[in-house]
Number of protein chains: 2
Amino acid sequence: MTDPRLTPLAAALPDVVPFVGPETQERRRGRAFRARLGANENVFGPSPRVLEAIRKAAPDVWMYGDPEAHELRQAIAAHHGVDPKHVRVGEGIDGLLGLLVRLTVGPGDWVVTSEGGYPTFDFHVEGFGGRIERVPYADDRVDARGLIDRADWTGAKLVYIANPDNPMGGMHGAEAIRQMIEALPADALLVLDEAYAEFAPAEELPEIAPADSRVIRLRTFSKAYGLAGARVGYAIGPAPLIAAFDRVRNHFGLGRLSQVAAVAALGDGDHLTHVVTQVAAARARIAAIAHDAGLVPLPSSTNFVAIDCGGDGALARRVMQELAARDVFVRMPGVAPLDRCIRISAGSEADLDALAQALPAALEAARAAN
Amino acid sequence: MTDPRLTPLAAALPDVVPFVGPETQERRRGRAFRARLGANENVFGPSPRVLEAIRKAAPDVWMYGDPEAHELRQAIAAHHGVDPKHVRVGEGIDGLLGLLVRLTVGPGDWVVTSEGGYPTFDFHVEGFGGRIERVPYADDRVDARGLIDRADWTGAKLVYIANPDNPMGGMHGAEAIRQMIEALPADALLVLDEAYAEFAPAEELPEIAPADSRVIRLRTFSKAYGLAGARVGYAIGPAPLIAAFDRVRNHFGLGRLSQVAAVAALGDGDHLTHVVTQVAAARARIAAIAHDAGLVPLPSSTNFVAIDCGGDGALARRVMQELAARDVFVRMPGVAPLDRCIRISAGSEADLDALAQALPAALEAARAAN
C-alpha cells in the first residue's frame with residue numbers, strides 16, 4: 001500500500017534500499033558474525049587520538065554541531081593545500097552524492113555510470129527521476145573511455161567513476177583520469193569518487209585541481225580513517241558548485257562529535273600510515289587464502305579484495321552464503337560478469353583466520369550444491 | 001556565479017541558509033559568548049548514562065551504524081507503546097522534514113504553515129519547488145483554525161504546526177489539536193512538530209494514534225534529551241508513509257554513536273525528569289529577569305521564553321545585538337508582530353546570571369539608539 005500523498009515520482013520509486021546491513025542479517029540468523037568482512041570498514045579502527053577527542057567532546061554533545069563545520073573544513077583544505085571555498089563537508093559520500101544529484105539531476109536528465117558500480121549513486125539518481133546509462137566493465141575495470149562515449153551520446157549531466165574502484169578493487173592511474181577529464185563533454189561533470197584513495201599509491205592519484213569546473217572529487221573518513229560510524233565525507237570541487245550545496249543541505253546535519261573526530265583523524269598521519277600498512281598486509285593474506293583455495297584474487301588498490309570463484313554468479317552467491325553460514329560476512333558484486341567474484345574486506349588476523357578456516361569448506365559446499 | 005549544471009529548480013534557489021550558527025557569530029566577533037541561549041539547546045546536558053554509552057561505544061566507530069537503527073527504533077516504539085512499523089528514525093527533525101517534503105511535495109504543490117514559524121520547514125519546501133501559504137499568528141499563538149482554512153483553499157499537501165510552538169513558546173492543548181485533525185481536508189497531512197513536547201504538561205499533548213493516516217508526529221533527542229550534537233529525531237505516523245522514507249533515505253545516515261546515545265537517553269527517565277524540572281526553574285527565572293527589566297515574558301511550554309521588548313522589530317533586534325555585544329547569544333522571531341520579542345533559551349544559573357546582568361544595560365542601549 002502506498003501513501004496517496006506521495007508525489008508521482010516518490011510513488012513510482014521501488015521499496016528497496018541499496019544495502020542490507022550486517023546487523024539485519026545477524027538478526028535474521030539469530031547469531032553474530034565472527035568476521036565482519038563485507039562492508040569495507042576499517043577493522044584497524046581510528047587513531048587513539050580520535051577516541052580521546054570523542055571522549056573529551058562527549059559532554060558537549062548537547063550543542064548543535066557548527067553548521068559550517070568551519071574547523072573541519074579548514075583542516076581538510078590545509079591537508080590538501082586548497083582554498084576552503086573548494087571544500088564541502090557532508091554526511092558521508094552517500095549524503096554528498098544525494099545532494100549533488102539533487103542539485104544537478106532533474107526528471108529525465110541522464111547520468112552515466114558503470115554496470116555493477118556503486119548502487120547508492122544509482123539509488124539517488126532514480127530518487128530524483130534521472131535516467132541512468134550503465135557501461136559494462138572492461139576486463140574487470142571501469143571502462144573509462146566507454147563512460148565518456150556514453151556521456152557524449154546521452155548528453156549526461158554527471159559521469160560517475162569510483163577510482164580506486166568498488167566492487168572490483170582496481171584503479172586507473174592519474175594519466176588515464178586526466179585523459180578522461182580532457183575528453184569529457186562540455187557541461188558534463190565528472191564525479192570522481194575516491195573513497196579508497198588513501199589505500200592507493202599516491203603517485204597513481206590524479207592531481208587535485210579544485211578550480212577545474214569539470215570535476216568534483218569525493219573523499220571520506222569512513223574507510224582509511226576508520227570513522228564509518230561517524231558519517232563524515234567531503235567534496236572538493238569548483239567554488240560555485242560547492243557553494244550551491246548550502247541551498248539544499250540538512251542544516252545541522254553534521255554532528256558535533258563527528259566533526260571533532262574527523263579533525264582529530266586528519267591530525268594523525270602516523271596512524272593513517274599504520275592503517276594503510278596493515279591493510280596492505282591483510283590484502284596479501286586474503287590473496288594467499290584465495291590461492292590456497294585454488295581461487296584467483298584480483299589486484300586491489302583498496303581495503304578489500306575481489307576473489308574470482310571460478311564459476312558464475314550463482315556459484316559465487318553460494319560461496320557467500322556458505323561463508324555466512326560459517327559466520328563470515330562478505331559481499332559480492334551485483335551483476336555479471338563481476339558477480340563471479342566475492343568481495344572480502346581487509347580484516348584483523350583473527351578475522352582472516354576465520355576466513356582461511358571457512359573458505360575451503362564453503363567452496364566445497366557451494367560447488368556440491370551448484 | 002552559478003554552476004551551469006544546476007537544475008532550473010536548484011539554480012533558482014537563494015544562497016541562504018535558515019540559521020547562522022553561534023560559532024559563525026563567534027568567529028566574526030573574534031570572541032566566545034559567555035551564555036549560549038539562542039539555539040534552544042539543553043545546557044543541562046544528556047544523562048550521565050548517555051556519556052558513558054558514547055565513551056564505551058567510541059572504539060566501535062569504525063563500523064557503520066545499523067542502517068535500520070533497529071535497536072533505537074524498538075526502544076522508541078516501546079517508549080510510546082506503538083508498533084515499530086509506525087516509527088522512523090532520522091538525522092534530526094530537520095532531516096526528517098526534508099525527506100517528508102521530498103516524498104510529498106512536488107513543484108507547484110502547496111503547503112501551509114505559520115508566518116514566522118520554523119524556517120527550516122520553509123527551506124525544504126522551497127528546495128523542492130513547493131509553494132508556501134503562510135498564516136499569521138493570532139494573539140502570539142499559531143492560528144490552528146486559520147491553517148485548516150488555508151489548507152482547504154489551497155489544496156495543501158502538508159499542514160505544518162509546531163506544538164508546543166517555536167519561536168513564541170505557547171501551545172494548543174490536546175483537544176484543539178484533535179479538532180484540527182478532524183477538520184483537516186482529505187489528502188492533507190498534518191505535520192505535528194513536537195520537538196518541545198517533553199517540556200509540556202503530558203496531559204496537554206494529543207494522544208498518539210499512529211495508525212491515523214492524517215498525522216505525522218516529529219520528535220527529537222536534540223532538546224529535552226540533550227543530544228543536539230548527535231542529530232537524532234524520529235517520526236511516528238501511518239505505516240505506508242513511514243515505509244516510504246526508505247525510498248529516499250541517506251542509507252547509513254544515522255551514525256553508530258548517535259544511535260547508541262539515543263537508546264541510552266531513552267533509558268534514563270529520571271534524568272529527563274531532572275532536566276524538565278531544571279528547565280521549568282530556568283523559565284521562571286528568565287521571566288523574573290524580564291519583569292525586573294520592565295518587560296513582559298510570554299507563557300512557555302518549551303525550553304525557552306519569548307520576551308516582549310515593548311517596541312517594534314527594530315528595537316528587539318537592537319536588544320539582541322546589545323546582548324550579543326555583552327556576550328549573551330539569543331535569537332528572535334523573523335517577522336512582525338512576533339519580532340517585537342527576543343527568544344531566550346533556558347540556561348544554567350551562570351548563564352542566567354549573565355543575562356540578568358546584561359539585559360538592563362542592553363535594553364537601555366537599544367532604546368537610546370532607536
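Reply: Let's start with S114(A), which counts as buried because its relative accessibility is 6%, under the 20% cut-off. Bear in mind that this is a predicted model. S114(A) belongs to strand β3 of chain A, residues 110-114. Leaving out residues up to four places away in sequence, S114(A) touches R134(A), V135(A), Y137(A), V142(A) and L147(A).

Now for the rings. Searching the whole structure turns up 12 aromatic pairs over all chains. One of them joins F121(A) and Y160(A), and that pair is stacked, with 4.7 Å centre to centre and 20° between the planes. F121(A) sits in helix α6 (residues 119-127) of chain A and Y160(A) in strand β5 (residues 158-162) of chain A, so the pair ties together parts that are 39 residues apart in sequence. Both partners are tucked away: F121(A) is buried at a relative accessible area of 0%, and Y160(A) is buried at 3%.

Over in chain B, F221(B) and Y225(B) make a tilted pair, 4.9 Å centre to centre and with 40° between the planes. F221(B) counts as buried at 0% relative accessibility, and Y225(B) is buried too, with a relative accessible area of 5%. In chain A, ring pairs link F221(A), Y225(A) and Y234(A) into a cluster.

R343(B) lies over the face of F304(B), at 5.5 Å from the ring centre. Another case goes from one chain to the other: the charged end of R102(A) sits over the ring of F128(B), 3.8 Å from its centre.

That brings us to the contact between the chains. It takes 81 residues from chain A and 81 residues from chain B. Together the two chains bury about 7,000 Å², with 58% of it on carbon and sulfur atoms. On the chain A side, R5(A), W62(A) and R247(A) lose the most area to chain B, together 15% of what that side buries.

D66(A) forms a salt bridge with R27(B), where the closest N and O atoms are 3.0 Å apart. Elements giving two or more residues to the chain A side include α1 (8-12), α3 (48-57) and α10 (256-266). The largest share of that side, 5 residues, comes from α5(A).

Conventions: Residues numbered from 1 in each chain as written. Chains lettered and ligands numbered in written order. Predicted model: local features only at pLDDT ≥ 70, side-chain atom pairs only at ≥ 80, totals over all residues. Heavy atoms only, no water. Phe/Tyr/Trp six-rings, centres within 6.5 Å; stacked < 30°, edge-to-face > 60°. Helix = DSSP H or I, 4+ residues; strand = E, 2+ residues; numbered from the N terminus. Buried < 20%, exposed > 50% of the residue type's maximum accessible area, 1.4 Å probe, protein only. Lys NZ or Arg CZ within 6 Å of the ring centre and 35° of its normal. Contact = heavy atoms within 4.5 Å. Buried area = accessible area lost by both parts, 1.4 Å probe. Salt bridge = Lys/Arg side-chain N within 4 Å of Asp/Glu carboxyl O.
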